[in-house]
Amino acid sequence: MIPSKFDYVRPKSVDEAVAALKAGGEDSKVIAGGQSMLPLLRLRLAAPSVLVDCARIDEMKGIKDNGDSVTIGAASTHWDVMNSDIVKTHVKLLADATATVADPQIRHRGTFGGALAHGDPAGDLPAVVLALDATLEIAGSKGRRQVAAKDFFLDYFTTAVGPDEILVSITIPKLGKGWGTCYEKFNRSANGWAVVGVAAAVKVDGGKITEARIALTNCAAIPVRASSVESALKGVAVSASEIEKASQSAADGTRATSDLAADKEYREHLMRVITARAVSCAAGV
Amino acid sequence: MTKVSITVDGVLHESEVEPRTLLVHYLREQVGKVGTVVGCDTSSCGACTILLDGRSAKSCSVLAVQADGSSVTTIEGLAGDEWHPVQAAFKECHGLQCGYCTPGMVLSAVDLLSENPNPSEAEIREGLEGNLCRCTGYHNIVKSVALAAQTMKGGKK
């Protein structure tokens with residue numbers, strides 16, 4: 001299918017991009033890798049008047065080690081992220097989850113920021129930034145603002161990024177000593193979307209879990225923290241049976257939908273099973 | 001119309017395109033590289049895979065304007081005087097049935113082997129997860145890539 005007509009601009013800076021979005025009005029759209037946008041354009045589910053290509057804005061690329069955190073330019077491709085030594089060393093959960101996104105061709109083109117700003121409830125990376133308490137920098141005509149991951153995802157395909165705003169970078173705090181992480185994804189085909197995905201980070205001290213951060217993919221309109229499992233895991237011995245017990249409340253606070261891949265009840269069952277697997281893996285069981 | 005300069009199989013093309021032109025349509029209709037085929041047209045099947053600046057990409061999911069200044073290798077530009085070792089291995093192992101997925105399979109395999117010159121069977125299957133063969137001829141495709149890996153050892157990557 002051929003997309004409907006649009007104008008195309010390729011600004012060189014974030015300021016130019018914001019100005020182009022504003023000038024384009026409410027039907028202007030940001031494109032970077034285009035791996036979510038192109039399917040929408042071809043199916044004519046999106047018909048923007050202007051596409052603002054941010055893929056070549058220097059400020060939106062690159063991965064930086066800040067000492068206690070890592071900042072990733074929003075236009076870094078999945079390929080850049082999963083192969084970055086900084087990410088592999090300090091934000092392993094993100095490297096691992098990114099390696100499961102789609103397939104190699106799409107990982108070469110698709111961007112980290114694009115996957116977040118697209119806000120697909122089945123996308124893997126929103127749960128990762130939620131679990132790791134990331135901060136997202138958004139630029140608009142009124143300047144820059146920092147938004148916590150918990151306030152970034154608002155609804156299906158809807159995020160805190162306004163119509164004339166751009167996601168510029170994502171800063172993820174490092175976890176430090178004693179933490180282990182794991183992204184566990186349940187899907188039906190090699191490059192399929194997650195039916196349920198679980199991003200887990202667990203701190204272990206003296207054979208016990210002292211802190212846990214768990215976020216769920218595709219269990220509501222937005223990624224959600226499994227807060228009751230996080231509480232239940234505190235002080236629990238690092239054993240498969242104890243972790244399984246604590247994971248029984250994984251579906252609390254979720255709003256699972258039924259679709260062709262799984263009905264609500266089955267999806268809730270998967271949340272408990274996949275959470276236990278992700279936590280066990282993160283805790284080294 | 002927007003001006004683009006794209007090097008396709010080693011030849012620089014300066015063209016005017018509509019911004020909505022997909023790279024696969026540009027390659028087929030403006031440059032004449034009909035070896036690159038349109039399969040599913042929904043980013044799923046990988047039949048339209050090309051190398052964009054050396055890395056595999058689905059040309060139905062890239063706008064021609066996004067490839068401005070880039071270098072594209074299609075299946076037509078892969079062979080030199082002789083077939084590329086991956087092409088030769090596909091022939092040797094009968095790595096194709098109807099042949100429609102083959103251009104994309106071959107280019108994905110080239111990309112995979114440039115990254116991992118000695119893949120296990122599982123790594124080959126995973127590396128080709130973005131390419132579908134509707135004949136379900138995966139077994140011989142995997143054998144072809146394994147053979148290509150062997151023949152390319154110490155040689156051209």
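This short talk walks through a predicted model with chains A and B.

First, some housekeeping. Residues count from 1 along each chain as its sequence is written, and chains are lettered from A, with ligands numbered from 1, in the order in which they are written. Because this is a predicted model, local features need pLDDT of at least 70 and side-chain atom pairs count only at pLDDT 80 or more, while totals for chains, interfaces and linings use all residues.

Let's start with where the chains touch. By contact I mean two residues whose C-beta atoms, placed from the backbone, lie within 7 Å. How many residues does each chain put into the contact? Chain A gives 23 residues and chain B gives 22 residues. On the side of chain A, β1 (7–9), α2 (37–42), β3 (50–53) and α6 (104–109) each supply at least two residues. Those labels are DSSP runs, numbered from the N terminus: helices are H or I with at least four residues, strands are E with at least two. Which element of chain A gives the largest share? That is α6(A), with five residues.

Ala, Val, Leu, Ile, Met, Phe, Trp, Tyr, Cys and Pro count as nonpolar; Asp, Glu, Lys and Arg as charged; the others, Gly among them, as polar. On that basis, the side of chain A that touches chain B has 12 nonpolar, five polar and six charged residues.

Next, domains. Their bounds come from an automatic or database domain assignment. Chain A has domain 1 (7–53), domain 2 (62–173) and domain 3 (179–283). Take domain 1 and domain 3 of chain A: their centres, over C-alpha atoms, are 35 Å apart.

Chain B has domain 1 (2–77) and domain 2 (85–152). The centres of these domains of chain B, again over C-alpha atoms, are separated by 21 Å. In their contact, domain 1 of chain B provides 15 residues and domain 2 of chain B provides 12 residues. Look at the domain 1 side. The elements giving two or more residues there are β3 (49–52) and β4 (55–58) of chain B. The largest share, three residues, comes from β3(B). By class, this side of domain 1 of chain B has seven nonpolar, seven polar and one charged.

On to helix packing. Two packed helices are described by the angle between their axes and the distance between the axes. Axes are lines fitted to C-alpha atoms, for helices over the stretch in contact, and angles run from 0 to 180 degrees between N-to-C directions.

First pair: α2 (residues 85–92) and α3 (residues 102–115) of chain B. They pack at about 125°, with axes 9 Å apart. That makes α2(B) oblique to α3(B). For reference, under 35 degrees is roughly parallel, over 145 roughly antiparallel, 65 to 115 roughly perpendicular, and the rest oblique. Val86(B), Gln87(B) and Phe90(B) from α2(B) meet Thr102(B), Val106(B), Ala109(B) and Val110(B) from α3(B). That contact has five nonpolar, two polar and no charged residues.

By class, the α2(B) and α5(B) contact has seven nonpolar, two polar and one charged residues.

Stay on α5, residues 138–152 of chain B, for Ala149(B). Is Ala149(B) buried or exposed? It is buried, because it has 22 C-beta neighbours inside 10 Å. The cut-offs, with C-beta atoms placed from the backbone: 20 or more other C-beta atoms within 10 Å is buried, 12 or fewer is exposed, and in between is partly exposed. Leaving aside neighbours within four places in sequence, Ala149(B) contacts Leu113(B), Pro117(B), Asn118(B) and Pro119(B).

Ser43(B) is not a glycine, yet has a positive phi of about 65°. Ser43(B) sits in the loop between α1 (23–30) and β3 of chain B. Ser43(B) counts as buried, because it has 21 C-beta neighbours inside 10 Å. His94(B), also not a glycine, has a positive phi of about 55°. His94(B) is in the loop between α2 and α3 of chain B. With 13 other C-beta atoms within 10 Å, His94(B) is partly exposed.
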